[in-house]
Amino acid sequence: MQLDTASPHDRVRAFRPAHAAPPSTAQGSFRLLGKDYSIRFADHCELLRTRTSELVERLYAHRGLYASHAHATAQTGQTTLAACDSGGEVFGTLTLGLDGATGLLAESLYGPQIDAVRRAGGRVCEVTRLAMDPARSSNEAIARLFHLTFILARLVHGMTDLFIEVHPRHSAFYRRMLGYREAGPECICPRVGAPAVLLHLPLHDAEQRIRARGSDRSLYRLFMSEDEQRALAERLLCPTALLS
């Protein structure tokens, strides 16, 4: 038997196997602090799970979308992030879903497109249940949510390709501000009862944009520095550091 003597930094560079999630106790103690908000893991806190579900349900209903999936229970390979204001109220959330035995939710509409990436050697994941209260959100909070999603997907779990289904009228924002590419035609998504298109972000491209942070007007200019990113990935890979 050989012991793993690699440092956390070495493990970050080598990437992690799929579903190598941080322990639940470590996730419960995590805070990523912003100017007047924090981002937390919601999966292991009943109050945060309830508040993120209520936010999804309220904002989706306001836009005339179905919210039947708002109270979806946490599943293996899923991590829900919650952006909370200084009073603890949730104003933003998204869920990162990793590939697994049942695949990705987006495959119900876009199976061939996602499977083509998988068959080419890609390790696929998706963003779902994205909701941001426009009255309290900010570009910085959105950027931090997506940067933490990148760190979890790429540096903690070793994913290579990130997908998201969005309403066609929002597609330009994700392409312009985060570098997503359109990967599937417009369809009606039965989960929300509205049109959707599939967008694809190769995480290597995101990595390059993070290195060039500040060189354009995209959300990447509001991402953390590479040193901050590395330190955060090491915290997420080292439970004792998270709990200290």
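**Close-up views of a predicted model**

**View 1. R144 lies in helix α5, which spans residues 139-156.** The model shown here and in the other views is predicted. R144 is buried but forms no salt bridge. The nearest side chain of opposite charge belongs to E140, 5.2 Å away; this does not count as a salt bridge because the cut-off is 4 Å. Apart from neighbours within four places in sequence, R144 contacts L32, L33, Y37, I39, L222 and M224.

**View 2. F30 and F41 form a tilted aromatic pair.** The whole structure holds six aromatic pairs. In the pair of F30 and F41, the ring centres are 5.1 Å apart and the planes meet at 50 degrees, so the pair is classed as tilted. F30 sits in the loop between α2 (24-29) and β1 (32-33), while F41 belongs to strand β2 (residues 37-41), so the pair ties together parts eleven residues apart in sequence. Both F30 and F41 are buried.

**View 3. Y37 and F91 form an edge-to-face aromatic pair.** The centre-to-centre distance is 6.2 Å, with 90 degrees between the planes. Y37 is in strand β2 and F91 in strand β4 (residues 90-98); the pair links distant parts of the chain, 54 residues apart. Y37 has a relative accessibility of 6% and so counts as buried. F91 is also buried, at a relative accessible area of 3%. Y37 is among the residues in contact with R144 in View 1.

**View 4. Four aromatic residues form one cluster.** The members of this aromatic cluster are F146, F173, Y174 and Y180.

Key:
Residues are numbered from 1 along each chain as its sequence is written. This is a predicted model: local features need pLDDT of at least 70, side-chain atom pairs count only at pLDDT 80 or more; totals for chains, interfaces and linings use all residues. Side-chain values use heavy atoms; hydrogens and water are left out. Helices (H or I, at least four residues) and strands (E, at least two) are DSSP runs, numbered from the N terminus. Buried means under 20% relative accessible area, exposed over 50%, partly exposed in between (1.4 Å probe, protein chains only). Lys and Arg count as positive and Asp and Glu as negative; His and the chain ends are not counted. Contact means heavy atoms within 4.5 Å. Rings of Phe, Tyr and Trp (its six-membered ring) pair if their centres lie within 6.5 Å; planes under 30 degrees apart count as stacked, over 60 as edge-to-face and the rest as tilted.
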